[in-house]
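Hi everyone, thanks for coming. Today I'd like to walk you through one structure, so please have a look at it with me.

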Amino acid sequence: MHQATTTTGGYPLATKDRLGRRLIQLYIGLALYGASSALLVEAGLGLEPWNVLHQGLAELTGLTIGVVSIIVGAAVLLLWIPLRQRPGLGTVSNVFVVGIAMDGTLALVPEVHLPAVRIPLLLAGIVLNGVATGLYIAARFGPGPRDGLMTGLHRRTGRSIRLMRTAVEVAVVATGFALGGTVGIGTVLYAVSIGPLAQLFLRVFDVPSASDGSTVVAEGQPRRAILRR
């Protein structure tokens, strides 16, 4: 049985519905990513690698961690130029939405001090980060700036993505820690669990691909950048 080919504005309805779902999925995923990062900040038991750097720079500059995340994301995106990476809508949106959502969540969530609260908050943040990662990557609007940096370095150097990611994230964590960023059990737990979690939720939220003629799609290789550790 053939799918209906009714069109609106020159595009099949099924294609427009799929694009709409992908856009919603993208922005929900990015917002939840920022919220999950904020939960890890509030737990105070260790942050994901890049947010160790963001928190350290925030301590140094007096800016909020969300604003620092936006600035660093934009700076990393500039590195795509010599690496000849092509950004998509998701890439640019990632720079701004994650940082805004992080600061917004931090403004709403009260500070916690009891271990009985901080540990569940840490676990909730890591799981929510996995959900968010699956959502925005499965939407296929391009990798985030930091993930694209890994794939770009992989293409230019011929080294594995695993090696590139490890080298960059070790440098990022070391720099962030030296500046006052939080490294702890949460950092380790995040490192060992985010790959399997992201892979699980990529399957859950996967959107069947279709040619929709969109000029804002730049799929790249975000799955490999996230999952190969």
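Let's begin with a term we'll need: a residue is called buried when its relative accessible area is under 20%, exposed when that is over 50%, and partly exposed in between. Please keep in mind that this is a predicted model.

Now, salt bridges. How many salt bridges does a search of the whole structure find? The search gives 3. One of them pairs R140 with D206, with the closest N and O atoms 3.1 Å apart. This pair links distant parts of the chain: R140 sits in the loop between α6 and α7, and D206 in the loop between α9 and α10, 66 residues apart. R140 has 13% relative accessibility, so it counts as buried, whereas D206, at 32%, is partly exposed.

Next, look at D147, which forms a salt bridge with R165 at 3.3 Å between the closest N and O atoms. D147 belongs to helix α7 and R165 to helix α8, so the pair ties together parts that are 18 residues apart in sequence. R165 also meets E169 in a salt bridge, 3.0 Å from N to O. Those two both lie in helix α8, about one turn apart. D147 is buried at 6%, R165 is buried at 7%, and E169 is buried at 12%.

Conventions. Residues numbered from 1 in each chain as written. Predicted model: local features only at pLDDT ≥ 70, side-chain atom pairs only at ≥ 80, totals over all residues. Heavy atoms only, no water. Salt bridge = Lys/Arg side-chain N within 4 Å of Asp/Glu carboxyl O. Helix = DSSP H or I, 4+ residues; strand = E, 2+ residues; numbered from the N terminus. Buried < 20%, exposed > 50% of the residue type's maximum accessible area, 1.4 Å probe, protein only.
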